[in-house]
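User: Hi, I have a structure open and a few quick things to ask. Can we go through it together?

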Amino acid sequence: MKKLYPITLSRALSRALSSSSSSSSSSSASAQSTAFPLKHVTKGNFESALAELRRHVAAADFVAIDLEMSGVTSAPWRESFEFDRSDVRYLKVKDSAEKFAVVQFGVCPFRWDSSKLSFIAHPHNFYVFPRQEVQIDGPSYEFLWQTTSIEFLAKYQFDFNACIREGISYLSRGQEKEALRRLSIAYEDELSDTWCNTKEVKDIPINRMADVLFAERIKNRFSEWRDGLLQDRNGGSQLQWNSNDSKQQFQTVFFKMRPALNLTGFTSHQFRLIQLVINKHFKDLSYVRVNGDDLCSQQLVVYTESKDDKVLLLKEVKDKNRRVAEMKIQAAIGFRHVIDLLSSEQKLIVGHNCFLDIAHVYSKFIGPLPSAAEEFVSSVNKYFPHIVDTKILLNANHVLQQRMKKSSTSLSSAFALLCPQISVSAKSTGLTFQQCVQVEVQVDDMRSSNWDSGAKHEAGYDAFMTGCIFVQACSYLGIDFKLHSPSENLAHNEKLCKHVNHLYLSWINGDIIDLSTGNKVAELFGTNYFKKKYPNILFENIVLIWGFPSKIKAREIKESICKVFGLTSVTSVYHLDETAVFVQFSKPEFVSDFLLLKETLEKSDGPISVLHPLAKLLEGGNTHAGNYETYKEICSSPISKVLFANQAEAVGIKWKREAVEPKIAVESKEHTSFREENAVNNSTKSSEKSKQGKVHNAKKDMLCGNYEIIDSLNAAEVNQIRTNNL
């Protein structure tokens, strides 16, 4: 199993940047050739690029997307396994989307040009970075970097400086809603100093001599300034400051048609003392803070004619500050404007193996991911009603599937195979087998049908490749774009619509989920297409064991359990990592029997007998076990330890007690149902008693150490077990 470890940003970037610089220098010669026309977008040109993108998306027949992330899995055991049930697989995708960042987002609208009988693509490559532009609850944004992901991006000359320094920030819809809610609450609070610092400062004693002297000096200066204003209004001479520091710190200005002092050069503590002096000694002066369009704010002491004038002034300041705050929130939405555009236009969204991409889009730009897959797919379908996964289309046609069996279904391999007129690698290999749909690229005013291959794993180019694969796959499905009308919604095409909203929840298992219903979809061409090492997985038959001695192997675990429950009792043992295994039993009742036996052995006085078959597995007293729901609960935790045993310990549930309780609850439920059936049929009661007696005796034998069941197995069964795959 490949081990992937998230690391801190600074250490990772130092390594990746050095690698990137050396690789870029070696490839400088090739970079001189004609590059693929790609629109790179940072915060500097985002506004103009967004306006242009709005026009392209409005006219597009579909929009292809692709994402580059800072990592994929936060721990080795969070990778996708065959033993992952669909709800557990969603929890792993959820964990990935919540812990890692999107660093590049590719958006490529495709429009059919009937005059040239070709698609026009407009590839955009957005650098994205989760910079905190407005104050929200909690600490600043945090995310993980995965070493392999950084090295991978650096290998393909990813510009880390452009991402971090010039990347476009964003607010999700949930974050925007929360920011506006806090804004509204603050605005409604008439005494809130968030707006104008008019909140009453408590009359606390000033003990420091420096504060006493400062407050007295400020009081005298404000008195002189106010008296000077009154003298000037009555025909006297206006006050002139004598000291240089006064000229620097106090400047007479007009604010909202009222005389005011602009205060500069004071500390936050001194501003608090000034506010205290104003509120305590001057009824006709008001201390206000006015927020500017930038990050700067203006501190003012304003003269008001009356109490009503003071109330009016404070309302004007609050209104202005609210408008500025709303503008900052709007500006902080950033890249989410692109997501809102795609959602509002209701265009067909095309991705490649894109379930994780969609989860990232939801987590970053809509709101927190739901805890259950059913709720997630329902919400996604509301925002994006038409999504196509090209990985699905590559297996949707028998002819295309046979072609793809000779190659990988990865994005670059599929592009080389299906788009030979575009892909340089395909031109060199001669992989042409059908007339391809023509695609041209337009960036700004430059339109081209002849270019060098772009940079793989650059999100904008990958989105372009995804769109090209889509149009070629549609051609194999029998869609003739020459007959396509601009008013026709491609998502409703009868030859394509049955594949819309079908996404691979797990490519390893071949699990397909329908975003429009939330239901799992049967594999397209039967179960034989995906080669599974464990084809008959029954989740109710699985026990999760972790924390066992490191020296014990999967074969030894299987042998020790089979000595108790019989040679055919265990069908497979699968390692999550070096500290945990799945054990699949042949019968579901063996799960509760095993958990009960383990619990009983550990509760017994003294060390476990070295003669007991489970002694080696339970050695050290750190071995824990649970059913499959225990595994799901551990996966649902936001904690991610590298080793599964450490993860289970960090989650902190009392496994030993809870492992047995489900069994007791099930038995209690069975007894209740059993009593109800007795009222109907007494003969059934007699039969059930007989069965329960046999089960009880079997459990008693296991607890007492009677293992004669092994001797009753014939040689053929023994040989069969030895050939089973561990």
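User: Is Cys 635 buried or exposed?
Analyst: Keep in mind that this is a predicted model. Cys 635 is buried, because its relative accessibility is 2% and buried means under 20%.

User: And Cys 562, buried or exposed?
Analyst: Buried. Cys 562 has 2% relative accessibility, so it counts as buried.

User: New topic. Which residues touch the most other members of the largest nonpolar core?
Analyst: Phe 105, Phe 126, Phe 335, Phe 376 and Tyr 631. That core has 69 residues. Helix α13 (residues 355-365) gives the largest share, seven residues.

User: What does Tyr 631 touch?
Analyst: Leaving out residues up to four places away in sequence, its contacts include Trp 77, Phe 81, Asp 84, Lys 92 and Phe 644.

User: Now helix α10. What should its 14 residues span?
Analyst: At 1.5 Å a residue, α10 (residues 268-281) should span 20 Å. Its end C-alpha atoms are 20 Å apart, so the two agree.

User: Which residues of α10 are buried?
Analyst: Phe 271, Leu 273, Ile 274, Gln 275, Leu 276, Val 277 and Ile 278.

User: Last one, the sheet. What is the order of its three strands?
Analyst: β16-β17-β18, in an open sheet with antiparallel pairing. β16 and β18 are the edge strands, each pairing on one side only. β16 pairs with β17 over four bridges. Leu 503 has Ile 513 in β17 as its bridge partner.

Definitions and conventions: Residues are numbered from 1 along each chain as its sequence is written. This is a predicted model: local features need pLDDT of at least 70, side-chain atom pairs count only at pLDDT 80 or more; totals for chains, interfaces and linings use all residues. Side-chain values use heavy atoms; hydrogens and water are left out. Helices (H or I, at least four residues) and strands (E, at least two) are DSSP runs, numbered from the N terminus. The expected span of a helix is 1.5 Å times one less than its number of residues. Buried means under 20% relative accessible area, exposed over 50%, partly exposed in between (1.4 Å probe, protein chains only). A nonpolar core is a set of buried Ala, Val, Leu, Ile, Met, Phe, Trp, Tyr and Cys residues joined through side-chain atoms within 4.5 Å. Contact means heavy atoms within 4.5 Å. Two strands pair if DSSP finds at least two bridges between them.
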